[in-house]
Amino acid sequence: METLLYIALFAPLVSSMFSALFTTTPKKTFVGVIASLLIFTSFVSTSLLLASIVINGNESVHVEMMTWMATGNLYIPFGFIVDKVSVTMMMVVTLVSTIVHIYSIGYMDHDKSFNRFFAWLSAFVFSMMVLVMSDNYAGLFIGWEGVGLCSWGLIGFWFHKESATWAANEAFIMNRIADLGMLIGIFLVYWNTGTLQYEGAFEVFKTLDPATLTWIGIFLFIGAMGKSAQFPLHTWLADAMEGPTPVSALIHAATMVTAGVYLVIRSNELYSLIPNVGLFIASLGAFVALFAASMALVNRDMKRIIAYSTLSQLGYMFAAAGLGAYWVALFHLVAHAFFKALLFLGAGNVMHAMHDELDPFKMGGLKKVMKWTWIMMTIASLALAGIFPFAGFFSKDTILEAAFAEHHFVIYGVLLFTAGLTAFYSFRLVALIFHGEERYKIFGISPHEAYRFMLVAMSPLLILAMIAGVLQEPFFHMIEEILSAHEYHIHSHTTLWIMLVGTQVFVALAILYAYKKYANAFIKVPDGTSAIENSFVYKFLYNQYYIPYFYEEYLVKPYRELSDIFWNKVDMKILDASVDGIAGIIYGTGEKTRAMQSGNLSVMLRWMVVGFVVLLSLAVVFGLTARYSENITVIFSGLGAM
Amino acid sequence: MFEAVAFYLFAFLTIAMFFITVTTSQALYALTALAAGMIFISAFFFILGADFLGVIQIIVYTGAVMALYAFGMMFFDTTRKVKEKRGNRYIIVGLSTLTAVLIVVIFAAPMVSKNIVALYPVIEDAGNIQLVGVILFTKYLIPFEVAAIMLLVAMVAGIVLAGKKMDISLTLMSSEEIKKEENKKVLS
Amino acid sequence: MEIGLNHYLVLSTILFAIGLAGVIKRKNLLLLFFATEILLNSVNIAFAAISHYYGDLTGQMFAFFIIAIAASEVAVGLGLLIVWYKRHGNIDLETMKSMRG
């Protein structure tokens, strides 16, 4: 069991190290193959761990690899735990990464930095595994920072593009801001409980007063907000789409951004004790769900639309987790990982076919040439929209039910409305890309279907996006104890049916409307003249509520000016000046005392005598102080007494 | 009483002689006054019961050192008036006085605190020369030998520096070479 | 009136001051050497006096070594002076500027 754990954990590291050896050499396909095989090994080990846990019941694997820090009362080991929560995450991470690795062999086929890509990608998987498997907050933080670093390296993978480096830095800096909150949270945990181990800390939490717990909960959640791109730290996620599409699929849809949700789920014993914070999380989640969906409605960048939908779905997860429905959040996380990764990889195929064109208005009618991609993306969108019997239906509807059953009707209403929006923008995208006129012909592009093995690699995700719903019951039974879960039942069956059918009809109508509006032959590439494009709401949404503009104007620019002031005034005038001044004093002293070194022996003699006098005076002074030190002490103490 | 009279007399004489040495512009006066001052100083040594030191003072200073200076002066133009430095008189006086006062303080401080312990006490019955001999050849044997070597080195150095043509060896040269050397113009 | 150690120390100090003044003031190297002799002798008096009043012969020993050092110094110093004089025709301190940086 422990061996399996170590294999699952370290196979990605080995893969990363191996690929890193070839970073400076030209593309070598075997690097990608071996990396994929190692990640697959990790996946197999995780599957075996899952199987053993499911079969053996309640057992969890807990190992302590080595002591990391042991000073005084502080004891932090490199400890790893595989319980039902972490094994679920591990399954998601390893499965999606395996698929993305294989897919990337095809996707990155023509890239110069093919080998480097695999080094970063595998390093990301390792970091994510550390994050998920750690049995204490410190280890979680290492993984947390590791994924942040790898995310930076992968968003800025094409670093010769200005926009890519900018997006990478933005993501990194935003995450650092949030990580400060996270760190404070971890410090508070250690300060109040004396340990960072989950088990030990959770025991002590029960005895702490609610105010302290609230602060801990808030600060940890700030960390989660940064990683999961919740408002107001959400802007990086859309910009992070500068990275290669497999990266978006793995990091910015399936795994890393869900780390925040994982943190909340992992700390469920903490958040159960502070329902107020939980309610705040749920409200924020619902708000972000609606907020992100509204921005996705009008966007004209394929990847950004999917990124906003990711954001929106993260909002759903937080809403569920905040309401105490941790297992629902985790289940939605899993299901979402499958269909969102599928959606992104499909988008990758489209991008490849369209030579990195991202505007869906310039595509259209692609279903003829890209049949399989069309099927996959349609099914993924159906799953995302929550149509029965695809994965999204089970997970999303359970969230709605949970909100309803907990009597948070505002949240329920917002989430329901958002479900309609989700359906609309998803199928707007599908309709624009795959249906209607073949608008791409104007631009002289001849699209082609992706490599066969890429499609084969995506197929597990397709299957899971279709059938993941049937896993809901087994998943619930597996996770029930550890997350103290309970099923949400609407009291009246009639209400339940009305809700289910109502939601389905609402969503279906949204889909039909999207098809009707965007799948016809009259869609043109927008040129900014139509009435809707000039309406205030459209502009407001298209510019992302002017939040990036706001950040730029009111945070970045003042900060820049402040930095300029500090540079010009403080650094140049005070720090530099004082350093230069010291050098200047020494230089000037040398320049002045140069006259002493006239080579004139009589002058030297005189200086010698002066030095002699100084030394003698010092001798006298020290002699006297030594002799009368007691009296001097007395005098000084007398002065002090006055 | 006799001691006091002797001290003040010799103190006055010594100071006067040394003052002349320092202030006069005639090198010959200075030399004479210095020699006289040295002899007066030996008087203090006798008063203090350091007979051996007094004798040495007279022999070494007045006998050897002064003779050396006298020979040395023969090289130089001593009839000419010595040029004085145009220096700030106050600086000179101030510095000297300050130094002197400081030295007094340094020497006086241990006396005041009475923490000097006689390492090699004077034995009552023995004469001064005898005692000096005992101590010099027991406790201070190595410094004594080192001083002897130092004097030897100084002597050799003095000869080498002052002597002419010390870089050639007459004993190793043939007679023609010696003749050639003699015909050479004396350098420097 | 009893003559004590302090009398000798004051005398020594006065002589030292005279010697030091000479060292600073003199320009002629030969006369400067005379001044250094005064310095050495003034210290000798102090040593002898302390030795006497504290009944410790160490002071005399030091005076003895100082005399030895003074003798060597005169021998070497005069030799150097003669060489200098042969080279430059004077023994003026102001002309010795070869050490100028």
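**View 1. Chain B reads α-α-α-α-α-α-α along its sequence.** Chain B holds seven helices and zero strands. Helices (H or I, at least four residues) and strands (E, at least two) are DSSP runs, numbered from the N terminus. The model is predicted: local features need pLDDT of at least 70, side-chain atom pairs count only at pLDDT 80 or more, and totals for chains, interfaces and linings use all residues. Residues are numbered from 1 along each chain as its sequence is written, and chains are lettered from A in the order in which they are written.

**View 2. Burial and contacts in chain B.** Of its 188 residues, 23% count as buried (20 or more other C-beta atoms within 10 Å of the residue's own, C-beta atoms being placed from the backbone). Among contacts in chain B with a separation of 6 or more, 47% join residues 24 or more positions apart. Contact means C-beta atoms, placed from the backbone, within 7 Å.

**View 3. Helix α10 (residues 245–254) and helix α14 (residues 302–322) of chain A.** Their axes come within 11 Å and cross at roughly 10° (lines fitted to C-alpha atoms over the stretch in contact; angles run from 0 to 180 degrees between N-to-C directions). That makes α10(A) roughly parallel to α14(A) (under 35 degrees). From α10(A), A:Thr245, A:Ser248, A:His252 and A:Ala253 meet A:Lys303, A:Ala307 and A:Thr310 of α14(A). By class, this contact has two nonpolar, four polar and one charged residues. Ala, Val, Leu, Ile, Met, Phe, Trp, Tyr, Cys and Pro count as nonpolar, Asp, Glu, Lys and Arg as charged, and the others, Gly among them, as polar.

**View 4. Chain A meets chain B.** Eleven residues of chain A contact ten residues of chain B. The chain A side has seven nonpolar, three polar and one charged residues.

Notes: Angles under 35 degrees count as roughly parallel, over 145 as roughly antiparallel, 65 to 115 as roughly perpendicular and the rest as oblique. Two residues are in contact if their C-beta atoms, placed from the backbone, lie within 7 Å. A residue is buried if 20 or more other C-beta atoms lie within 10 Å of its own, exposed if 12 or fewer, and partly exposed in between; C-beta atoms are placed from the backbone.
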